[in-house]
Structures are given as structure tokens and as C-alpha cells.
Amino acid sequence: MQTTTMTDAMRPPVPAEPGAGVYSNKLGMWVFLASDVMFFTALIGSYIVLRFGMGSAWARPGAVLNVPLTGLNTFLLICSSVSMVKAYAAIADGKKYFLRKVPGKTLQDGGLKFWLLVTIICGAGFVGVQVVEYIKLVGHGFTPTGYREGSLLAEHALADPVKYGAGVAGMYGSTFFTMTGFHGFHVTCGVISMLYLYFTKVLPEKYSPQDYRGIEVIGLYWHFVDLVWIILFTIVYLI
Amino acid sequence: MTTPTTHVRPNYMLIWLYLFVMTIAEVLLAFELPVSQNLKLILLLILAIWKAMLVALFFMHLKFERWRLRLIFIVPLPLAVILVTTVIMEKVF
Amino acid sequence: MTTVAHTPTEAHHAPMSFWRKYIFSTDHKIIGIQFLFVSLFFLLVGGLLAMQIRWQLGFPGKPLPGGGILPESMVSGGVILPEYYIQLVTMHGTFMVFFAIMPLLVGVYANFLIPLKIGTHDMAFPRINMWSFWLALLAGLIMLAGFFVPDGAPRAGWTMYAPLSARPDLSGATISQKLWSISIVVLGLSSVMGSVNYITTIINHRAPGMHWFRMPLSVWALFITAILAVLALPVLQGAAIMLLFDQTIGTHFFDPGAGGQPLLWQHLFWFFGHPEVYILILPAMGMVSDIIANGSRKPIFGYHSMVFAIIGIAFLGWIVWGHHMFMSGMNPTLGSTFMVSTLLIAVPSAIKVFNWMGTMWRGNLRFHVPMLNAIGFVSMFTIGGLSGIFMAATPVDIPLHDTQFIVAHLHYVLFGGSLFALFAAIPYWYPKMFGRMMSERIGKLHFFLTFIFYNMTFFPMHIIGMGGQMRRIYDPTIYDFLKPQQPLNVFISYSAFALFAVQFLFLFNFLWSLKRGKKAPQNPWEDNGMEWSLPNPAPHGNWDKTPNVYRGPYEFSAPEAGDKDYLPQYLKLPTDRDPVPAPLPAGGH
């Protein structure tokens, strides 16, 4: 039982052995995502190992990082994930439009153009919030090498070394910026790809229920990026 | 000639609600609840993995795909576990 | 049943400019050939570095012939400086592993062979394929630049152990170390892109009748290798990025003074590194299987067990990485587990060796150049594997680690193994690539001389390794206990020079045959693979109409073949029925 009806456009144009049972672009994206899992394993795994080695010397959650802001950001990314899957469902149903009035309902019905735009905006919003967060953190003195001398955080760390994990701030900074930075890079690539598709394929209505492979494939990437963030948010911000 | 597919499309908004509620639960658990650190860690990890699985199964439609496709995503996971556990065992020593 | 859909052929393309056809090509065959030329260049670079290493080890303190052209930072009065020597050792390993052997086996043959051998027109994602080549070339050039920047090339060994590699103040290499990290990240990207292509193509684009267990072992091996690459390279990329950050923005992932863990680098590197060495041998094993079956005029002995052995090697390869770290001070219990898994992995490899021998047994042997090199592969790989068993046992590894014994082992499996397999594969598929044959006579001379000088070079390394000569040292003669072995070092160096010189025979043969080689008949080796149904060289788009596959790949000496001793996969006998493909688009193209 498959989610995507194997339409004619999605079959290979030449005779072939039955393979994975899904079209090649989707298979290729899944394989790529498996490789991306390993990439984040290296980064996140290193964080886990390094932190485990520090034990309780690590800063307490919420001391340095802005959890409420990031919680909101997490919510934003989850919303973008929902809008992405709504976009996918929309084009699967043939809704190429932006918004359309539905008789009998107050809310208008969103089509592909609407939902994908929502995704792009939420995704860009996530990146924006993260950039703002980075600027604030660096301003307070949180850098990849630890608490900058003379900064606000350095003062806090002197006053309360346990809460701020004074001895291992360098590790904290290194792992934090590397993991969230590369995740942010993945999100940015996703937003750029969606923008590209939006202008070259979505607005000219090149996708149809017979062929919406690009939407499904970018959707898989986007959900993966959301999934990684779900893990990251928990183990970086909350623990 | 297309393969007939009949499946119930998951209720995406419901999943969204679950994710929202679980996120709130996580933040509360992390900061408000007076629970021991280790228990907190385990519960938070369970919540995080559960959320991740919701996204994978329903948004990425893995629940409705064949095993062959699910296998592609599943295969790296034990490798990740092996790497991290081994290196941690190293540190313990 | 609907008629077979018409497929893109040369006629459907607008005539392409030289640039689109040969330089920025998306044709998998051209990309494979591009990889071939670039990798052979890097193989030469690696060889030149090796010659300088052997000069220094054989004749420490003597001026390098021609050393005058090198700058003062590398040679002083013509004598190789220690700072330069360690660069040589590091970059020899780096170029050979990442830019010679890996691209030669995977970049060339995965690209060239996979679509041909499974009966399809090109890779699943041709443009990504093109990108994969150009990124690999870029990575190679970035790495090469390391020699030409201030402070010279990286010098922490090809394994780049931190914190030496993370601290320019300790290693002395400033810019080039960062270039190393960048090059590795770019190469990783190239590798992952390529592997995604290979995996998708093999799963989804096999011609009708090409069932999984009708695929030649070369394709199976390349498939499993691609899975290894897609999962292992990203870990190295992550590690290289962390190293780059340690070097540039001042993080301390691997610096123990600031809370980092040097062993973290080792674990990450070898978690990649061990699957990497299987990436470097599995395609070789696959291609050798094809060639030995052909040269023996017999089906490969134990085809299914060969497939499962490849899968077994790949599977076990993920849990043996600690055997590179027995001497790192790691947890001894972990050491024992790694010892057990490493000993286990010898089993599938041994199964393969016995099956190659079983294939040849009572075969109607044809000792053409590819067959000779393939047999050379089996014998040399066996020796390399045997030395591997020694080192798998932790107590034995303790005195042997970081000695020339390890160097002997790795060269037996990489040169005696992978490179001999390449000396077999290159002439074997040369007709398909270039439409001509390489010279048999030069090929045979090259094989025999290489085989002799190769063993003269690398076998004694086992001996001097057991005698205690360490790896990567600049001058063995400063140690009293190594002085008695120095004559062996001299012997090895002379043999190495001869070995290198003989390779020019191969190079000459390769280049000369491009224009002057005998024009190749369509199926010069009387082989069964799908690729031999095409003219030489294979045309753009491969087949006009997707071919059908009627049988397995090793039907040599089959009774149905009549008076021929081979029965190609694509040949339809009167008793064959057409395979039923997966449902096609209604209405065709």
C-alpha cells in the first residue's frame, strides 16, 4: 500500500525490473537522507560523547540559551512541516491554486501555492530567528570558544560557575554552534530549494496530480530537517 | 495502468496538535517538574523520539510505504547507536 | 503487452558541442573515462611521492637525485628534510587512498559499468553524476595545492590524528591542514552524490530479466560499496568539519587541554576508515570475479555465497574499526570485542578466495592479461589477508602496530589487491571504453615484471616490521637495533624503483593503444555481460531499445550454448521467453 499513486509520469520511461516500487527521485532522496543521518550522527554523537565525559560540569539548561524563544522557533518549524505536508496533499488532490472559496465553509481552501508559501515563510522565519538568537548569544559573550572575556556571560560564570558550566564553556560553545549551525545550513538550503521550485515550477503550475515528484521529494527533505531539529532541540536546549 | 492505492490520508492537523502538545510537555518537564535528572533525561528522550517518529511515519509517509523503503531509513540508526555507545564505553573506561 | 517504449538515442539529441560532449558530459561512460584520466594522474603523483620516501629510507642522508628543483623548505643541500619526509608519507597515503584507488575503483567502474551491465541507458541522475566528477576533481586540486602553500603540505599522517592535526603550532602545517579538511568535505559530497546515483540506478533501472541474482558480481560489489560509501563518508565529513573548526575558529573538540578528546577523532575517523577500506577492495573483488569466470570459461563457483560474502563483509565491516586503535589506550574489553569481530570478518573473505580457486579448478584457462592480473590479485590479497589475521589478534598487534608489518599488510591488500585488480580491469574494459585493445605482449611483460618487483618490494617489509622498524620514521639507521636491517631497506628501495619504472610500460600501453591499439571486435573476451552486446566504443545512450536479459551472468561452457563456450545474458535462444517488465506508461514514450 503506497501513499503516492504510481502515476504514469512517475514510472521510468523504459521497461525495467520492478525495483523499489517508488520512482527514482524519491528513492534517491531517501538514500541521501540516510547519508545525512550519518552526518548528523557524527556531530550529535560527538556532542553526546563529549558531554558525557564532562558529566555535571556542563551548564544547566536554560542558563545560557533562550529556551522560550527557541521553543517558539521549534513550533514554527513544526508548523512549516505541517504546511509542507498540506502542500503535498493539496497537489495530490490537484489543487494548483493559491486560495479558493469553498461553498459552505468560512475558511478558504488552500492550494499548493498557498501551503508552499507558508512553508517557505515559516522556514525563512526559523532561519531568521536563529540568526537573531546567534547575534544575541554572541553579544552576551557565548562563542564557539566559550564565554568571551569581559562579557556578560563571563561575569555570570564567575558568579555562579556551576549553573554556567564555567570550566567547559568552550565545549558547550563548540558543540552548540556546530550542531545548530549545520542544521541551520540544511534549513537554508531547503528554503532556497523551495523558493527555486516555487518560481520555476509551482507558480507556472507545472505540477499536477499526475506528476508532483518535486514537491514530494523536497517535502521529504524538509520533514527530515524538522526531525533532526526535534532531536536537537531536546538534547541541546532542554537537557 | 496504475496501481490502485487506497489509503486513509492521516489527519495532519491532529498530528500537528500532538507535536505541539508534546513540545509543551517537554519544556515543562525540563524546567518545571521536580523530577530527578536521570528520569528527566529518559523521559525527554522518549518524547523526542516519539515526536521524531510521528514526523517520519506520518509526514514522511513511512507508515504507508513498503518495508524496502523503510529499511533505507532504518539502516543508519543502529550504526549511529553502535558508534555512540562504543565511544561512550571508551570514556567510561 | 504494449510495445517497448522508444528510448533516447544519439539521434534525439541536438548535436552537442565539444564542451557538452566531452567536458561537461552527463554520459556515465564519459564521466567514467574522465575519472580514469584524473585518477591515473593522481596515482602517478602518489607513486612519485613513494619514490622519494623509498629514497630516504634506503639511503638516509644522501641527496635526492633531482632534488635540486625542490625548495629549501623541503630539501637542504638536496637531502630530504624530516619536515618534508613526513609530508611525503602523509600525502602519499592521502592521494593513493582518496584520489587514486577510490576513484579508480568506484568513480571509474561504478560509473562506466553499472548502466552497461544492468542494461540501461544512463544513471538515474546524470547531472548529479557530472557534478560528482567535478567535485572530486576540485577536491583533488585543493589537496594538491597543499604542497604549494606556505608551510607545505599536511604532515599528521593520512589518518590526521588530532590534536597534532588540529594544532598548526604543533604540526607546522598551517594553510594546507585546513585545505585538507575542505578537500575531504568536498570529496565526501562527490562520493555521496555518486553513491546515491549508483544505488538508485541498480535498484530501479535494471533491464527486464535482470533479476537481483542475475547481476554480475561486479555490479553486486559496486552496489554494496555504494551503500558503504553513502553511510561512511558523511561521518568523515563531520569529523573533518570539527577538525577544521578546531584549526580555524578555535573550538577544542579534540584538544584534551580544553576538555576535548583526541580519541574521539580516532573513533570517528576509523568508523569511517574501516568501511573505507572495504570500499577500496569490494569493487576489485567484484570485477576480478567477472574476469576469473571469463578466464576459466566456467561459471563463478558459488555465486550466491559470493553475494552473501560481499554483504557479510560489508555488514561486519561496521563493527571492526577498533582494530586500528588497539594501541590507543582504549578500553580493553572493547578491544576484545573488536578482536573477535575482526577475526570473524576473515571468514567471508576466505570464502571468496576459495570460490575463486574453485572457479579456476579444471577450467579451460585462458591466460589473457586481465586473467593474469586477476590471479595475481587473488594470491596477493590472500597474503595480505593472512597478515591481517595476525594483527586482528590484539596481543600480536601490540608489538606490530605502527611498524612496517602494517605497511606491508596494507600494501598487499591495496596494491597486491586493488591495484592488480585495476591492472586486470583496465585492459578488460578498455575495448568498451576506447574501441581498441591494449597490447597483450606489453601487458604480459608488465604483469610479470610488476609481480616480481612488487613482491621484492613489499614482502621484506613484513620482516623489517617484525624486526621493529616503525612507520613514518625518517631515518632507521639512527636506531642501533634497526641498523642490521638496513640492507633490507636498501633492497626494498631498489625493488621499489624498479617497480615504479615498470609502471611506465603500463602507462605507455594505455596511452599508445588509445590511437594505435588493435581495433577491438565487439566481444573480444567472449564474455557474457550485457555491455558486450554493444559496439566498441559503446555509443551515447547505450541501447536504442532497452535490452532483455535471459539468464545469469556466468553461463560459460553451458550445454545450451552449442559449439560456443559462452552464452551471453542478452542472447535470446529459441527456448527463451521474453521477460515481463514492470508495467509501462500507457501509450509509450
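Predicted model: local features only at pLDDT ≥ 70, side-chain atom pairs only at ≥ 80, totals over all residues.
Residues are numbered from 1 along each chain as its sequence is written, and chains are lettered from A in the order in which they are written. Local features need pLDDT of at least 70 and side-chain atom pairs count only at pLDDT 80 or more, whereas totals for chains, interfaces and linings use all residues.

Chain A contains seven helices and four strands (DSSP runs of H or I with at least four residues, and of E with at least two, numbered from the N terminus). Their order along the sequence is α-α-β-β-α-β-β-α-α-α-α. Along the principal axes, the C-alpha atoms occupy a box of roughly 65 × 45 × 30 Å. Of the 239 residues in chain A, 51% are buried (20 or more other C-beta atoms within 10 Å of the residue's own, with C-beta atoms placed from the backbone).

In chain B, the axes of helices H1 (residues 12-31) and H2 (residues 37-59) come within 10 Å and cross at roughly 165 degrees (lines fitted to C-alpha atoms over the stretch in contact, with angles from 0 to 180 degrees between N-to-C directions). H1(B) and H2(B) are therefore roughly antiparallel (an angle over 145 degrees). Residues in this contact (C-beta atoms within 7 Å, placed from the backbone) include Tyr18(B) and Met22(B) of H1(B) and Leu47(B) and Trp50(B) of H2(B).

Between chains, 12 residues of chain C are in contact with 10 residues of chain B. Helix H8 (residues 262-296) of chain C contributes the most to the chain C side, with four residues.

Terms used:
Parallel < 35°, antiparallel > 145°, perpendicular 65-115°, else oblique. Contact = placed C-beta atoms within 7 Å. Buried ≥ 20, exposed ≤ 12 C-beta atoms within 10 Å, placed from the backbone.
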